[in-house]
Amino acid sequence: MLGALIIVFREAIEAGLIIGIVLAVTRGVAGSRGFVAAGVGVGALGAIVVAAFADRLSQAFAGSGQELFNASILAIAVVMLVWHNIWMAQHGRELAQNLSDVGRAVARGDETLFALTAVVGLAVLREGAEVALFLYGILASGESGWDVFAGGLAGLALGALTSVATFYGLVAIPPRRLFAVTTWLITLLAAGLAAQCVAFLQQAGFVTALSDTAWDSSWILSDKSIVGRVLHTLIGYADQPSAMQVAVYLATLVVIVAATKFFAARPPSASVGAPAE
Amino acid sequence: MASVMGISAAAAAENAFTLTIKDHRFEPAELRVPANQPATLTVKNLDATPEEFESKSLRIEKVIPGNSEATFTLRPLKAGRYKFEGEFHDNTAKGEVIAE
């Protein structure tokens, strides 16, 4: 039972952290909890469907279906997060005042709320598919039955607790700073997801350049440990990244910071026709 | 994003290796492959339960459903040892690819 608990918790950490961050970012926005809950629900439903078709998905695209599916999901999540950050930057002045303004400003931008909901749904979908497959496989084989299933559910509950802890950890930050903190969190989160996306494309053989390992810090902190997993999600920590992953991580950071600065510097109406990168 | 499409399937096919998963153990647990050459690795899961074949150093992370298989393209590996494991049963499912 403990084994199943740990396996499911490891898978659920990433989704749990992302849900907690999104809850904190959209705090005070009317209906945001409903949006997040909808994201979790749709993601979980999608995860079960993906798990049911895992075999066929795996065989698709000359056996690279699973990798390409994961890479696509990550790429969409990165785009959504970048979009959110740029939107927030455009409304930075109104947001700087106080938290209720953040609520009103975000409420006016339904698009960014939708983008964050999608990020939640995609995170649940990706991690949830593995959890569903694991639990289903155990139940189907009758290997160790309900005891393991109970462990899995306990793992999911711990994942949910991660969301709660992340949320309360973030909202404890003074409102004026919260905006800056979450902007950085989302920037680092997006860069980490972009690096993961490239890892899947490398695994699928679609990206073959710069495949050597840039460094190995697994002896200091394994990214399979709980702390490693948390840092993996929050800042994209990897203990043995490829050179390409590092390059993509840095490039994503630079692009987001530059785009955020660019859009923050002028009113939203003047930003039409800006270079899309 | 720089990308070079696909490693030549023909070159990799010359170095094709197979691993099986049975009772949550890999067979063979040590797999020798030639260094500095592309290769393919097929992992057959003979168990009824799914397994996540994972290797940081080989850069592979993939769920293989019960009674099915997955094929991976290995990049040309420098001589050395590359650990892999079955993440869902990591107390028994362990192994190494040895490039030499």
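Two strands pair if DSSP finds at least two bridges between them. Helices (H or I, at least four residues) and strands (E, at least two) are DSSP runs, numbered from the N terminus.

This is a predicted model, in which local features need pLDDT of at least 70, side-chain atom pairs count only at pLDDT 80 or more, and totals for chains, interfaces and linings use all residues. Residues are numbered from 1 along each chain as its sequence is written, chains are lettered from A and ligands numbered from 1 in the order in which they are written, and side-chain values use heavy atoms, with hydrogens and water left out.

**Strand S9 of chain B**

Strand S9 of chain B covers residues 94–99.

Phe84(B) has Gly95(B) in S9(B) as its bridge partner.

**Backbone exceptions in chain B**

Most residues other than glycine have a negative phi, and most peptide bonds are trans. Chain B has a cis peptide bond between Glu27(B) and Pro28(B), with omega about -5°. Pro28(B) sits in the loop between strand S2 (25–27) and strand S3 (30–33).

Two residues have a positive phi without being glycine: Arg59(B), near 60°, and Asn67(B), about 50°. The loop that holds Arg59(B) runs between strand S5 (51–55) and strand S6 (60–64). Asn67(B) lies in the loop between S6 and strand S7 (68–74). Are these residues buried or exposed? Arg59(B) is buried, with a relative accessible area of 10%. Asn67(B) is exposed (over 50%; partly exposed is in between), because its relative accessible area is 58%.

**Annotated spans in chain A**

An unreviewed UniProt entry places the feature "transmembrane region" at several spans of chain A, including residues 34–53 and 178–201. UniProt positions are given in the numbering used here, feature names are shortened, and annotations may be inferred rather than shown by experiment. The table gives values for these two spans.

| Span in chain A | Distance between end C-alpha atoms | Helix and strand content |
|---|---|---|
| Residues 34–53 | 29 Å | 95% helix, 0% strand |
| Residues 178–201 | 34 Å | 100% helix, 0% strand |

Notes:
Buried < 20%, exposed > 50% of the residue type's maximum accessible area, 1.4 Å probe, protein only.
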